[in-house]
Amino acid sequence: MAVSKRLRYEILRRDRYTCRYCGASAPDAPMRVDHVTPVALGGTDHPSNLVAACEPCNSGKSSSIEGFVDDVQSDTVPPSTEVLANEAERLWVDAYASIYSSQAITLAQLEEVRGGAHDMYRIGMSADLIRRSATVAGFKGDTFICLTEISDPNWLAISSEAFRVWRSLWFSSTNRKSWPEMEDVLLFECSVEQAINAGLDRLTILRAVTLTGHARGVYIEDHLDPALRERCGL
């Protein structure tokens, strides 16, 4: 199936009209939408397999160089500082906008995120750590990504999944009339983070999250087995 015009627009907007291969951006370079894993090698039209690419990079890429994007994004062949700063900014914006209002993002915030990415790069932090830090900082509403700590590699995956489940169930429980307030979101995030730090597994957390969302609550520990809560100190 061909990529629709609507999806092309969304991919270009998501990637801020910046080539994911070389960092060139519109209007200086014509932008296209490229498959990370080519269709000829089994790639799909899912957004996770689509990136913005300038015309020269898109023309030069073929199914014979499978894995090119992964190589560029790895720490073996790191991207340039500016390309990495662009990527950190995009990841931060996507994470921030998924919880807070994207309309509230200011240029000053974006400059702080980009500055943090440059600082982390200069002191030798890996590209992957910078990307994860930018995403986690966005979810937390923070802009100084250098201070973001990621104690558990599963933290981001579990916390983002928990938030989506909780927010959706909260919305459904109000007959699709209202979303949780920002204070509720922050309290819920803290509750999930404490559960992860206490060593609870993903399924236990998501079961508690489901009950919390249905009840329009914010503390998932209220829906854990009392013995488990006591053992984990929650």
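1. Buried here means under 20% relative accessible area. The model is predicted. By that cut-off both faces of β2 are covered. Leu50, Ala52 and Cys54 are buried on one side. Val51 and Ala53 are buried on the other. In a regular strand the side chains alternate between the two faces of the sheet.

2. The partner of β2 is β1. The two strands pair in the antiparallel sense, over 5 bridges. Within this pairing, Arg32 stands opposite Ala53 in β2. Ala53 is one of the buried residues of that strand. Arg32, by contrast, is partly exposed, at a relative accessible area of 34%.

3. Next, the cysteines. Cys54 has a relative accessible area of 3% and is buried. Cys19 is buried too, at 2%. How many disulfides does the structure hold? The number is 0.

4. Now the charged pairs. Side chains of opposite charge can pair when their charged atoms come close. Across the whole structure, 6 salt bridges are found.

5. Arg32 forms a salt bridge with Glu55, with 2.3 Å between the closest N and O atoms. This pair joins distant parts of the chain: Arg32 lies in strand β1 (residues 31-35) and Glu55 in helix α2 (residues 55-60), 23 residues apart. Is Glu55 buried or partly exposed? Its relative accessibility is 33%, so Glu55 counts as partly exposed. Arg32 has the side chain to follow here: it bridges to Glu55, while its position in the strand pairing is opposite Ala53.

6. Arg114 and Glu82 also meet through their side chains in a salt bridge, at 2.1 Å from N to O. Again the link is between distant parts of the chain, with Arg114 in helix α5 and Glu82 in helix α4 (residues 81-97), 32 residues apart. Arg114 counts as buried because its relative accessibility is 12%, under the 20% cut-off. Glu82, at 40%, counts as partly exposed. This bridge belongs to a network of salt bridges that links Glu82, Glu89 and Arg114.

7. Which residue forms a salt bridge with Glu161? It is Arg202, and the closest N and O atoms are 2.8 Å apart. Arg202 sits in helix α9 (residues 202-214) and Glu161 in helix α7 (residues 155-173), 41 residues apart, so described as distant parts of the chain. Arg202 is partly exposed at 39% relative accessibility. Glu161 is also partly exposed, at 21%. The cut-off for buried is under 20%, so Glu161, at 21%, is not classed as buried.

8. Last, a second residue of helix α5. Gln109 is placed in α5, which covers residues 107-122. Gln109 is buried, with a relative accessible area of 17%. What does Gln109 touch, leaving aside neighbours within four places in sequence? Its contacts are Trp92, Tyr96, Ala104 and Thr143. Helix α4 runs over residues 81-97, and the contacts of Gln109 include Trp92 and Tyr96.

Conventions. Residues numbered from 1 in each chain as written. Predicted model: local features only at pLDDT ≥ 70, side-chain atom pairs only at ≥ 80, totals over all residues. Heavy atoms only, no water. Helix = DSSP H or I, 4+ residues; strand = E, 2+ residues; numbered from the N terminus. Buried < 20%, exposed > 50% of the residue type's maximum accessible area, 1.4 Å probe, protein only. Contact = heavy atoms within 4.5 Å. Salt bridge = Lys/Arg side-chain N within 4 Å of Asp/Glu carboxyl O. Disulfide = S-S within 2.5 Å. Pairing = 2+ DSSP bridges.
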